[in-house]
Amino acid sequence: MNAGYLRGVYLRLAGVVTLAVMMALALNAYLSQRTFERALAPEVAKKVISVGGSIRSLVLRAVESGVPFEELYGVTEGFEEVHDEAPEVAYLAITDTHGKVLHERMRAPVGARAYFGAERTLDLLRKPDAVPPPVRLGNLYMVTLPIVAPDKPLGLLHIGVDVRFVNAMVLDMLLDVIVVLVVSLFFTLELLHFIAGVKLDASLRTLGETFARGAEGDFRTPYQATGEQAFGSLMELLQATLARVNQAFAALAQAVDDGRRVPAHERAPALSQAQAGLVSLGQRYRFGRESDPREADPTLLAKVRAPLFVFILAEELTRSFLPAYVHKLLIPLPGISPQLVLGLPIALFMLIVAIGQPFFGLWCERLGHRRTMLIGGAVAAIGFGGSALAANVLDLLAWRSLCGLGYGMVFVAAQAYVLDHAPPTQRASSFAIFVGAIMAAGVCGPSIGGILADNIGMRPTFALAALLALCSLVVMRGLPDGRPPAENRPPMRVPTVSEIGTLLMNRNFMIVTGLAAMPAKILLTGMCFYLVPLYVLTIESTQAMSGRILMTYGAVMVVVAPLTAALATTRERMHWLVGGGLVVSGLGGALLLAGAGIGWIFAAVVLVGIGQSLSISAQSALVAEHCLAEIATMGDGIVYGVYRLLERLGNALGPMIAAALVLFVGYRSSFVVIGCAVALAGAAFLVATRRESARALAPV
Amino acid sequence: MVCGFAVGMAGLLNYFKYRAAADRILTDRLVVTGRLVENSIQSSLALGLQFAEIGTLPGMLDRERATDDLILGIDIFDTEGRMLYSTDRLRATRPVPAAWTAAAQLAGDADWRAEEGHEGAAGISLKNNFDLKIGYLALRYSMDRVREAHNAVATELTALALGIFACAATLSSLALLWVMHRLGRNLQAVEQGLGQGEAARLSARALRGPFSPALRRFIETTRRAEAEIGELRAGLGNGSSS
């Protein structure tokens with residue numbers, strides 16, 4: 001009962017803060033947007049006024065040279081030139097002192113004639129230096145400048161700016177403000193979890209558990225003190241009550257023991273009854289001391305989330321601009337095309353993570369999670385710092401290798417930490433901490449990285465990533481040292497070549513790995529990490545935009561993945577989720593057949609996000625479903641180790657395949673080719689698993 | 001702290017975004033003037049004039065400078081960094097700042113920006129009618145004026161963020177106090193109930209509260225266990241057992 005009540009209290013507390021933060025962020029976004037509009041609109045008008053000033057000076061020069069104002073020649077051509085240089089200018093006209101149009105270019109907006117002849121407009125002729133505010137006419141903002149010669153007023157120059165241009169600029173700002181809102185919210189939730197959530201949640205849980213222990217007759221002393229509690233006096237009272245009973249039992253046991261030590265004839269007559277009573281009490285209640293530390297400190301598991309989030313955020317920060325950064329550092333490498341070189345740092349990073357994973361696991365077993373994470377974090381921080389200072393692409397490759405090494409170590413150690421500290425019955429839900437940190441960093445990192453790269457530059461953003469990695473070290477220091485005793489955990493080992501070979505030749509294993517896991521990762525890294533950031537820049541967009549697009553992928557994953565994970569309950573469903581997910585992801589790439597604009601890229605990435613969300617949980621669960629015999633022979637560590645190795649090799653192959661495709665067919669077609677290939681792999685997966693089901697059902 | 005972090009970070013990112021947008025508009029505004037000059041240069045070159053000997057160019061540069069009060073001066077230099085024309089006669093004899101040539105060369109055909117002390121420059125590459133690069137054009141502007149505009153927006157955003165933070169922090173603190181107050185009352189009732197030591201003697205408030213069933217079971221179980229232990233202990237001490 002009170003577990004639900006206490007959970008409710010925690011949710012209410014977290015909800016109250018989240019709601020307040022959301023409202024504050026929404027208000028901040030709204031008011032900031034208004035500030036931007038107010039500050040930037042005059043700047044846009046000044047650009048138009050500057051253009052107008054050029055036209056006006058040309059006109060005045062012509063008039064000074066003796067050309068009558070009404071008979072100016074080549075004005076329309078001059079207007080054309082202005083339109084070429086400033087495409088937002090959608091209308092240009094020169095009127096005389098009565099508002100009659102002498103020259104004009106493009107279509108006049110509704111109400112233009114009335115405006116030109118209006119007294120208020122003509123009044124401007126009396127103020128040669130006046131810069132009136134823009135006036136909205138139809139779908140244009142009209143800026144009017146007087147043309148006044150030293151001896152007399154000549155007329156007025158009217159420049160119309162397309163409303164859509166101003167709206168697009170405001171919308172662009174609004175999009176970024178929304179991105180900032182979402183990112184800040186995710187950040188805040190992580191911070192809230194880190195500052196208060198872990199302790200408060202743990203305190204409430206401990207309170208509930210203490211009640212439950214007393215009610216169930218579990219009077220054991222906790223394995224270790226749980227530290228400062230949020231409800232200190234009540235907890236002390238409850239624990240003192242439990243300790244009192246535990247001590248009374250211990251004293252009784254001691255008394256019985258003492259009684260048994262004396263010669264039989266001196267023993268108290270009630271000793272045997274007391275002994276029987278002691279046994280009976282021991283059967284109905286639990287006394288003594290807790291043995292499993294996982295039962296004692298529920299905060300241990302949650303402690304890994306903050307350092308993991310900060311560390312992964314450092315890496316994700318670079319996601320949206322890394323290919324552009326590589327492009328900046330390109331130097332000619334004999335025999336390798338620049339497109340391939342652009343993909344090398346991503347591929348190398350992924351390759352190191354893939355190949356290093358089994359070795360990092362062994363290392364983690366020897367050194368413990370904390371030390372492995374600390375070393376990994378430090379190595380990655382050096383890598384980020386070096387990347388910020390890289391002189392050319394070769395330098396960058398070396399520094400990114402260090403980042404890959406560090407990332408792999410932290411990733412594997414954090415995964416092992418969760419496995420070691422999760423109660424066996426809550427392993428799946430405990431993994432939500434791990435996945436949640438990665439997903440939240442995936443949402444925040446690329447978008448913030450894009451904004452920062454556009455504003456402070458790519459090198460300082462890399463430096464900031466290094467700083468974040470260093471900050472993660474500070475939080476990692478709070479993790480417990482050493483690993484809990486490996487009770488039922490088999491010793492880790494690296495898969496042998498023959499084991500890898502056996503699995504590669506295994507049809508069931510390769511259906512899941514070769515037709516699903518690898519294509520999914522090739523699509524993810526090839527399309528999202530390589531093609532999107534580069535393609536977005538080729539269509540004249542910004543790194544912030546590529547950050548927004550990649551954030552969309554993370555946001556879709558955060559929303560859809562938990563829903564689809566709940567659907568993966570049967571093998572049949574898992575097949576449909578994996579196959580369907582691949583087809584949907586593939587359609588994302590193929591979508592570029594329909595259009596090449598930013599909107600299509602957004603839609604493509606959303607489809608990839610949905611597709612990956614559909615398949616991601618079911619995919620790894622299917623390995624166990626498909627490879628029961630192999631797991632029985634080799635152990636799940638080896639089977640899953642080889643699965644992860646191949647999956648991550650897919651990560652490494654993605655950028656290389658995409659780069660090769662760009663070389664031959666260009667960016668847009670590369671999206672389509674990768675998408676179609678993955679959709680085909682998904683269809684092949686469905687066919688293969690249908691056949692397999694049919695075979696299983698066929699009468700023998 | 002959480003509210004402060006959220007609003008502070010959002011404010012900082014928003015300011016970055018504003019600065020990027022304002023700088024982009026500023027560059028566009030200056031570059032459009034530069035392009036008009038470039039068109040004029042191309043017309044002169046088409047008439048057979050040499051790039052370094054366009055007699056009408058200084059006058060045109062002066063006129064274009066006067067079209068926008070932000071422009072401090074317009075300079076034109078060749079691909080080797082030699083100053084050819086400038087609205088500021090003194091600058092014509094000085095070398096082109098190294099930051100300009102570096103930024104211009106790095107940008108290739110794109111627009112570029114560079115800063116040197118209190119002055120900034122937005123520039124474009126100049127090409128002849130055969131699309132060959134013949135030099136660069138830089139439009140100088142006052143960095144102090146730009147910073148002033150940025151600072152004004154930064155101040156406004158900071159004031160906004162501070163106000164919102166104060167409201168949000170107050171609101172969330174009050175809401176938290178309200179939730180905690182209810183929890184505190186329930187916990188206090190439990191503490192008092194525990195102090196009674198007997199489930200049967202629990203106060204009405206403790207009995208009504210959400211902890212009532214758990215508290216009852218807790219007290220009953222501990223009492224029962226204590227009673228059994230006490231009984232065995234007493235039996236052992238007395239030499240008899242019931």
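A helix here is a DSSP run of H or I of at least four residues, and helices are numbered from the N terminus. The model described in this briefing is predicted. Chain A has 23 helices and 5 strands, whereas the secondary structure of chain B comes to 6 helices and 5 strands. The two chains touch through 74 residues of chain A and 68 residues of chain B.

**Overall form of chain A**

- The radius of gyration of chain A is 34 Å, well over the 27 Å given by the globule rule for 700 residues, so chain A is more spread out than a compact globule.
- Along its principal axes, the C-alpha atoms of chain A fill a box of roughly 140 × 65 × 55 Å.
- Of the 700 residues in chain A, 50% are buried.
- Chain A is divided into four parts: domain 1 (27–168), domain 2 (217–294), domain 3 (303–493) and domain 4 (495–700).
- The C-alpha centres of domain 1 and domain 4 of chain A are 54 Å apart.

**Overall form of chain B**

- Chain B has a radius of gyration of 39 Å, while a compact globule of 242 residues would have one near 18 Å.
- The box filled by the C-alpha atoms of chain B, taken along the principal axes, is roughly 125 × 35 × 30 Å.
- Buried residues account for 36% of the 242 residues of chain B.
- In chain B, 48% of the contacts with a separation of 6 or more are between residues 24 or more positions apart.
- The order of elements along the sequence of chain B is α-α-β-β-α-β-β-β-α-α-α.
- Chain B is divided into domain 1 (2–151) and domain 2 (197–242).
- The centres of domain 1 and domain 2 of chain B, taken over C-alpha atoms, are separated by 86 Å.

**Two kinked helices of chain A**

- Helix 12 (residues 338–367) of chain A has 30 residues, and its first and last C-alpha atoms are 41 Å apart, close to the 44 Å expected at 1.5 Å a residue.
- Helix 12 of chain A has a kink of about 50 degrees at A:Gln357, shortly before the proline A:Pro358.
- Just after helix 12 of chain A comes A:Gly368, which takes a positive phi of about 95 degrees.
- Helix 21 (residues 598–626) of chain A has 29 residues and should therefore span 42 Å at 1.5 Å a residue; the 40 Å between its end C-alpha atoms agrees with this.
- The kink in helix 21 of chain A is about 35 degrees and is centred on A:Ile616.

**Contact between the chains**

- With 74 residues from chain A and 68 residues from chain B in the contact, the elements of chain A that give two or more residues to its side are helix 1 (2–64), helix 2 (75–85), helix 5 (163–216), helix 6 (232–261), helix 7 (271–284) and helix 15 (427–455).
- Helix 1 of chain A provides the largest share of that side, 29 residues.

**The nonpolar core**

- The largest nonpolar core has 282 residues, of which A:Val21, A:Phe384, A:Ala414, A:Met527 and A:Val532 touch the most other members.
- Helix 23 (residues 636–697) of chain A gives this core its largest share, 21 residues.
- Apart from its neighbours within four places in sequence, A:Val21 is in contact with residues of both chains: A:Leu185, A:Thr188, B:Val2, B:Cys3, B:Ala6 and B:Ala168.
- In soluble globular proteins, nonpolar side chains tend to be buried together.

**Individual residues of chain A**

- A:Gln415 is located in helix 14 (residues 393–421) of chain A.
- A residue counts as buried if 20 or more other C-beta atoms lie within 10 Å of its own; A:Gln415 has 20 such atoms and is therefore buried.
- A:Gln415 and A:Val536 are 121 residues apart along the chain, and their C-alpha atoms are separated by 34 Å.
- A:Met106 belongs to the loop between strand 2 (101–105) and helix 3 (112–117) of chain A.
- A:Met106 has 16 C-beta neighbours inside 10 Å and so counts as partly exposed.
- The phi of A:Met106 is near 70 degrees, which is a positive value in a residue other than glycine.
- Most residues other than glycine have a negative phi.

Technical notes: Residues numbered from 1 in each chain as written. Chains lettered and ligands numbered in written order. Predicted model: local features only at pLDDT ≥ 70, side-chain atom pairs only at ≥ 80, totals over all residues. Expected span 1.5 Å × (residues − 1). Bend = angle between axes of the 7 residues up to and from the residue. Domains from an automatic or database assignment. Core = buried A, V, L, I, M, F, W, Y, C linked by C-beta atoms within 7 Å. Buried ≥ 20, exposed ≤ 12 C-beta atoms within 10 Å, placed from the backbone. Contact = placed C-beta atoms within 7 Å. Rg over C-alpha atoms; globule rule 2.2 N^0.38 Å.
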